[in-house]
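Hello,

I'm passing a structure on to you, and I hope you enjoy exploring it. Please open it first, and then read the notes below alongside it.

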Amino acid sequence: MKTIVVTTIFIILSTSAFAKTTLSWWQFWTDPNIKPVIEEMVSEFEKQNPDIDVELTDLTWANGHEKIVIAFASGTGPDIVELGSDWIAEFAVNGHLYDITSDISSTKSEYAGWGMSTYNDKIYAKPWFLGTRVVFANRALLNKAGYDSTFAPVTFTQFKEAVYKIDSLDKNIYGFGSNTAEKHRLYKKFLPFFWSYGATIFDDENRLCLVASDFAIKALQFYKDIHDSCGYVDTQRGIEDAFLDGKIGLIISGDWLLKRIENENRKFNLVSSLIPGEKYPGRSFLGGEFLAINKASDKKEAAVKFIDFITSPDNQVKFCKANRSANPSSKTACQDPYFASNVHLQTFIKQMNLAKHPPVDPDWVFIEEAIEKAVEEALFGDGLPATAMLEARYKIEEIKNK
Amino acid sequence: MIKRKSSAFLFVLPWVVTLFLFWVYPIIYSFIIGFTDRQLLSKDYSWVGIANYTKLLSDQQFLLALKNTMIFVVGTIPLTTVIALVLALLVNKQFKGRAIFRAGFFLPSITSMVVIALIFTNLYQRGGYIAMLAEMVGYTAPQNGFLFDKATALYSIMGMDIWMAVGYYMLIFLSGLKSIPDELYEAAEISGASKIKQFFSITLPLLKPVMLFIIVINSIKSFQVFVEIFVMTKGKFETATIVYYIYEMGLTTKFNFGYASAAAYILFFIIAFFSLFQFYLMRKRNTAW
């Protein structure tokens, strides 16, 4: 009997000593160019940490957010999850994310983008990749419109002039690619103008809503002018198709367009430049992908280790090369020669440092909707920019005072 | 006997369990949370009484969705019913190639709504075939396409919906026409009744139960219109309907379950009211016909 008990205890102790920790990680990168890189990173991590296994689950942008919400609500969330920057506050405020403030304190200064994952002075996710928007122009159309081969719009007046001149070239040529009323997209196109005109959504204390300020109204009026007179209105994809087909002079877009041009082997004389501004350069929209840890996870230490590994400068560069993108959150990674090798990637790196993210607010989805509605009213409805923005302000105040 | 009864019970048990778990329970649960401020991500919620219902009745987005749904119902049901009846009368006649026409009209209704919506999204776009056809008959198509214009977006979706639905209802009318005895028409012919008189005195009254079925089924379907809105406009350009509003409020980014449940129950009461009203009207006219 004694032997059996001792053997059982020995077996239990030995198995638990060698038991592996399995981390579940939900992420959005399913692109055939990227997924192998992600898997390679995971294998490398497992090799370096033989006691940890990582179980990957792919999400899609179409319904990933819903899946994450349902998983957290039902207590079946993964240990680590990739979150879009504007989702962090809603999960943090409901107590689903682990506060990583103390875990990242030693490396915090090496990364950018913390503002998007900080809520009530606590950090809930580590920035992985950032995203911004820049101006893309068709050089051939700029030349036809009389501009020399070094021109890029710097001020709003120059931007508008270029848009109008290109638009007047032909009835099938449009000056500006203007997004239709697409949810979660339209506001990202408007905000660069909004911020570059000096407008803000809230005051510094995040209390007073300022979306109906003179700056904001001027920004919407400017956007409306180029939309009404020279806009090719379509979905983001439709605008990019038309732009690459040479039908549009200037668009605002992200670095995915660079990958598309390369993947589709397009011969395109592309100009990329920073967002224009009253004071050049202007401020663009900043978003990003973050890695967060489930508060209910019992493997937080391993999860922190994994996040540190995945977001390391080397892995970020590896990822950006595979994705043809220029959005590392690591400041060291930004210095890599790869980003200096391409003028367009450089534009993104520069713009990223001059970009601004929306407020970190659990009600952001409602605030975003109010701003988008105002833009839609001005562009596609009968609303004047001033009344549309005033309506947005009332709506946002109602949301904040609920 | 007891053994037979218990085995019968065992056979229906899986269905009963499924019914209660996935149908009865959610219906009761959603009715209850309609009186709370339940949000999916939040663990805490409280009883708010009828606040969700009163708030909905002053919510501009909900009221717009309600208006759009009513336009959709009122605009599609009469047209779908009339066109389906006309088509059924036409394909009920003997002519060469009749089977091809019947199959052709019916084909859209067995095709996936998502596929049809995607095809029509292309047809309706700037420079698309419908814009070209419209311009051929002298109508200036919206500059950015039919779906990116408030004045045309909802009506364009309604047009597609009618096109898609008529084949199915035509088939139901056809089965109704087949059940009318030929003797009635022969007697009417002998009495000298014209074709129009025969239609209004024989065909239409005898098709009444079929028509009631079609109107009720089509009303319920139209009140619940969602897929075409989701695929074609995502509720933009004033095309959001109640079900789309419920989806947006409860299942996409907001997850406001309590509020969305209250909206769902308002829709339920509207559908119930209209269905009962339609039954009442048809019964009342029964005596007139």
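**What I found**

Let's start with helix H13 of chain A, which covers residues 313–323: its buried residues are Asn315(A), Gln316(A), Val317(A), Phe319(A) and Cys320(A). Please keep in mind that this is a predicted model.

What covers those buried residues? Just after H13(A) comes Arg324(A), with a positive phi of about 55 degrees.

Residues three or four places apart in an α-helix point the same way, because the helix has 3.6 residues a turn.

Now zoom out to the domains. Chain A is divided into domain 1 (2–132 + 286–356) and domain 2 (134–274 + 363–400). Taken over C-alpha atoms, the centres of these two domains of chain A are separated by 32 Å. Where they meet, 16 residues of domain 1 are in contact with 12 residues of domain 2. On the domain 1 side, strand E6 (125–132) and helix H16 (343–352) of chain A each supply at least two residues, and H16(A) gives the largest share, 5 residues. By type, that side of domain 1 has 4 nonpolar, 8 polar and 4 charged residues.

Finally, have a look at where the chains touch. Chain A brings 16 residues to the contact and chain B brings 14. The chain B side divides into 6 nonpolar, 4 polar and 4 charged residues.

Happy exploring!

Conventions: Residues numbered from 1 in each chain as written. Chains lettered and ligands numbered in written order. Predicted model: local features only at pLDDT ≥ 70, side-chain atom pairs only at ≥ 80, totals over all residues. Domains from an automatic or database assignment. Contact = placed C-beta atoms within 7 Å. Helix = DSSP H or I, 4+ residues; strand = E, 2+ residues; numbered from the N terminus. Nonpolar A, V, L, I, M, F, W, Y, C, P; charged D, E, K, R; others polar. Buried ≥ 20, exposed ≤ 12 C-beta atoms within 10 Å, placed from the backbone.
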